[in-house]
Amino acid sequence: GFLRRSVVPAMLAAAVMPAVASAKPMTTYVKPGGSYAEFKATADACHLEAKAARDKVASVPHQPGAANAIAAGAEQGMARAEAYSTTYDACFIGRGYVLETLSEEDTAAFNKTKKANRDAWVEAYYTRRAAETQAGAN
């Protein structure tokens with residue numbers, strides 16, 4: 001998916017990702033005047049860059065004791081998530097995209113959309129917002 005919740009752990013935040021329904025705002029990247037096809041290609045490219053950055057985070061050496069092992073694993077997971085999120089965001093921003101928060105109405109509409117129809121909903125949303133932001137820039 002291409003929408004994400006602002007509270008979703010960074011590692012789970014791919015281009016814009018749907019998460020469990022909640023009252024938290026959803027965000028997505030929009031490029032003024034951009035096309036949905038360009039957005040999807042950018043999302044794929046940024047995901048690969050972010051995944052590579054995440055995978056470069058060093059492994060945590062074995063920690064004796066369950067509590068130490070759990071703490072070390074959690075720390076590594078957070079570092080990997082941060083590397084993914086930071087790289088992903090920088091990739092989009094570097095390509096001229098702006099992160100925007102969906103309105104309450106758009107978030108509610110997305111949440112009401114059946115999973116099978118969500119890609120079409122996101123495409124229509126993206127196309128509308130790209131045109132609106134382009135018009136606002138003129």
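Begin by selecting strand E2, residues 26-30, where 5 of the 5 residues are buried, so the strand is largely enclosed by the rest of the structure. Keep in mind throughout the tour that this is a predicted model.

**The two faces of E2**

With E2 still selected, show its side chains and look at each side in turn: Met26, Thr28 and Val30 lie on one side, Thr27 and Tyr29 lie on the other, and all of them are buried, which leaves both faces of the strand covered. As background to this pattern, in a regular strand the side chains alternate between the two faces of the sheet.

**The partner strand**

E2 and E3 run antiparallel and are joined by 4 bridges. Which residue of E3 is the bridge partner of Tyr29? It is Leu99, and selecting Tyr29 together with Leu99 shows where the two strands meet at this bridge.

**The whole chain**

Now zoom out to the complete protein, which has 138 residues, 33% of them counted as buried. Its 4 helices and 3 strands follow one another along the sequence in the pattern β-β-α-α-β-α-α. Among the contacts between residues at least 6 apart in sequence, 68% join residues at least 24 apart. If you display the accessible surface, it comes to about 7,800 Å², and 59% of it belongs to carbon and sulfur atoms.

**The nonpolar core**

Next, select Tyr29, Phe39, Tyr88, Phe92, Tyr97, Trp121 and Tyr126, which are the residues with the most contacts inside the largest nonpolar core, a set of 20 residues. Strand E2, helix H1 (36-55), helix H2 (66-94) and helix H4 (118-137) each supply at least two residues of this core. In soluble globular proteins, nonpolar side chains tend to be buried together.

Stay with one of these residues, Tyr126, and ask which residues it is in contact with once its neighbours within four places in sequence are left aside. They are Tyr29, Val30, Lys31, Gly34, Ser35, Tyr36, Phe39 and Tyr97.

**The disulfide**

Select Cys46 and Cys91, which are joined by a disulfide with a distance of 2.0 Å from S to S. This pair links distant parts of the chain, with Cys46 in helix H1 and Cys91 in helix H2, 45 residues apart. The link between Cys46 and Cys91 is left-handed, with -80° about the S-S bond, and both cysteines are buried. The count of disulfides comes to 1.

Is Gly96 buried or partly exposed? Its relative accessibility is 38%, so Gly96 counts as partly exposed. Not counting residues up to four places away in sequence, Gly96 touches Val30, Lys31 and Pro32. Although Gly96 and Pro32 are 64 residues apart along the chain, their C-alpha atoms are separated by 8.3 Å.

**Where to read with caution**

Finally, colour the model by pLDDT, which averages 78 over the protein, with 70% of the residues scoring at least 70. Among the elements, H1 has the highest mean pLDDT (92), while strand E1 (residues 4-5) has the lowest (51). Over residues 5-22 the pLDDT is below 50, although this stretch has 53 contacts in the model beyond near neighbours in sequence. Where pLDDT is low, the predicted coordinates should not be read in detail.

Notes
Residues are numbered from 1 along each chain as its sequence is written. This is a predicted model: local features need pLDDT of at least 70, side-chain atom pairs count only at pLDDT 80 or more; totals for chains, interfaces and linings use all residues. Side-chain values use heavy atoms; hydrogens and water are left out. Buried means under 20% relative accessible area, exposed over 50%, partly exposed in between (1.4 Å probe, protein chains only). Contact means heavy atoms within 4.5 Å. Accessible areas come from the Shrake-Rupley method with a 1.4 Å probe; for residues, only the protein chains shown count as cover. A nonpolar core is a set of buried Ala, Val, Leu, Ile, Met, Phe, Trp, Tyr and Cys residues joined through side-chain atoms within 4.5 Å. A disulfide is a pair of cysteine sulfur atoms within 2.5 Å. Two strands pair if DSSP finds at least two bridges between them. pLDDT is the predictor's confidence in each residue, from 0 to 100.
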